[in-house]
Structure formats: structure tokens, C-alpha cells
Amino acid sequence: MHNRLPVAKQLLSRHSLDTDICPVCHSNIEDIPHCLLHCTKASVLWKKFQQHFHLQHYPNSFFTLLTLLFSALHRDKELGQILISFAFTTLWYIWKDRCKLLFDPGGERDHSSLWASIHREVRAYFIATYPAVLDQPSVAVKSLVLKMSP
């Protein structure tokens, strides 16, 4: 990430903000890992991710997340692709919702509607990009794509 996202910690160092406290939870310094993984709404979504894919742990660092994604891809290409799509879509929705909170107060959504949007987005992506996935003999892959619902 190389400190490219304009989180509070970065904006404070550029003298664009008066505080580096997270605008979502108001309890921690907002750096990139806090914003995308540890903040209250982000951690709820990652716990849903963990439960949905029956993972032992939810990703608590970018290293853990990348290790999880690459090992899943190595074990089963199709399921790995779904996991990667869910993970990066989740990151995007966390960032997008955080920005809505800052720039369109009241426009942010609760974690359940975010999770439902992530499901719809990934399902639409897979159906449009990999139509052959629906013809896969793997029942697990086909059911994950067809039944992507919160």
C-alpha cells in the first residue's frame, strides 16, 4: 500500500487534517491496516468473510490476507478466484463506505447491506467474466457462484 491511501494518519502528516483519529470508530489512529482491516465496520465484514468461507481465522494483516488468498488459489483455482474476488471487493467496499461517511454523511450503509452488495458484485462479476464456471463439474464452485447471497 506504501502509504498511498489518504487515511487520517497520512493526511495529518501532510498537514491536511488536525487529527489522525479514525473518523469511523473515533477510537484509534487511522492508518491503512486500521481502516481496511481493524476498524469496527471493517472487522465485522472480515468476520462475515471468515464465516462465509469457513476459515479458521479472519485476516488481521495484509500478509495474512495475501497468504490466505494465494494458498487458496494454489489448492483450488476456481475457489481461489472466488475468494480473491470476495477479498478485494470487500476491501473496495470498506474504503468506499469510509469515504461516503466522510464526504456524504448519512450515505454510508450498515454492514449487512454492504455484505449483500459484495455478494451481488462478486456474483455478477463471475457470471459475466467466467460463464464457463456455471458449467464446472465442481458442485462447490457452481453453488458458490449461483448461491452468492448473504
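**Close-up views of an all-helix chain**

**View 1. Overall chain.** The protein chain has seven helices and zero strands, helices (H or I, at least four residues) and strands (E, at least two) being DSSP runs numbered from the N terminus. This is a predicted model, in which local features need pLDDT of at least 70 and side-chain atom pairs count only at pLDDT 80 or more, while totals for chains, interfaces and linings use all residues. Residues are numbered from 1 along each chain as its sequence is written, and side-chain values use heavy atoms, with hydrogens and water left out. Of the 150 residues of the protein chain, 39% count as buried (under 20% relative accessible area, 1.4 Å probe, protein chains only).

**View 2. Helix α3 against helix α5.** The axes of α3 (residues 40–52) and α5 (residues 77–103) come within 10 Å and cross at roughly 165°; axes are lines fitted to C-alpha atoms over the stretch in contact, with angles from 0 to 180 degrees between N-to-C directions. That makes α3 roughly antiparallel to α5 (over 145 degrees).

**View 3. Residues of the α3–α5 contact.** From α3, K41, A42, L45, W46, F49 and H52 meet L83, F86, A87, T90, L91, I94 and D97 of α5, contact meaning heavy atoms within 4.5 Å. These residues divide into nine nonpolar, two polar and two charged.

**View 4. The largest nonpolar core.** Among the 33 residues of this core, L36, W46, F49, F53, L83 and F86 touch the most other members; such a core joins buried Ala, Val, Leu, Ile, Met, Phe, Trp, Tyr and Cys residues through side-chain atoms within 4.5 Å. At least two core residues come from each of α2 (32–38), α3, α4 (62–75), α5 and α6 (111–129). The most, nine residues, are given by α5.

Key. Angles under 35 degrees count as roughly parallel, over 145 as roughly antiparallel, 65 to 115 as roughly perpendicular and the rest as oblique. Ala, Val, Leu, Ile, Met, Phe, Trp, Tyr, Cys and Pro count as nonpolar, Asp, Glu, Lys and Arg as charged, and the others, Gly among them, as polar. Buried means under 20% relative accessible area, exposed over 50%, partly exposed in between (1.4 Å probe, protein chains only).
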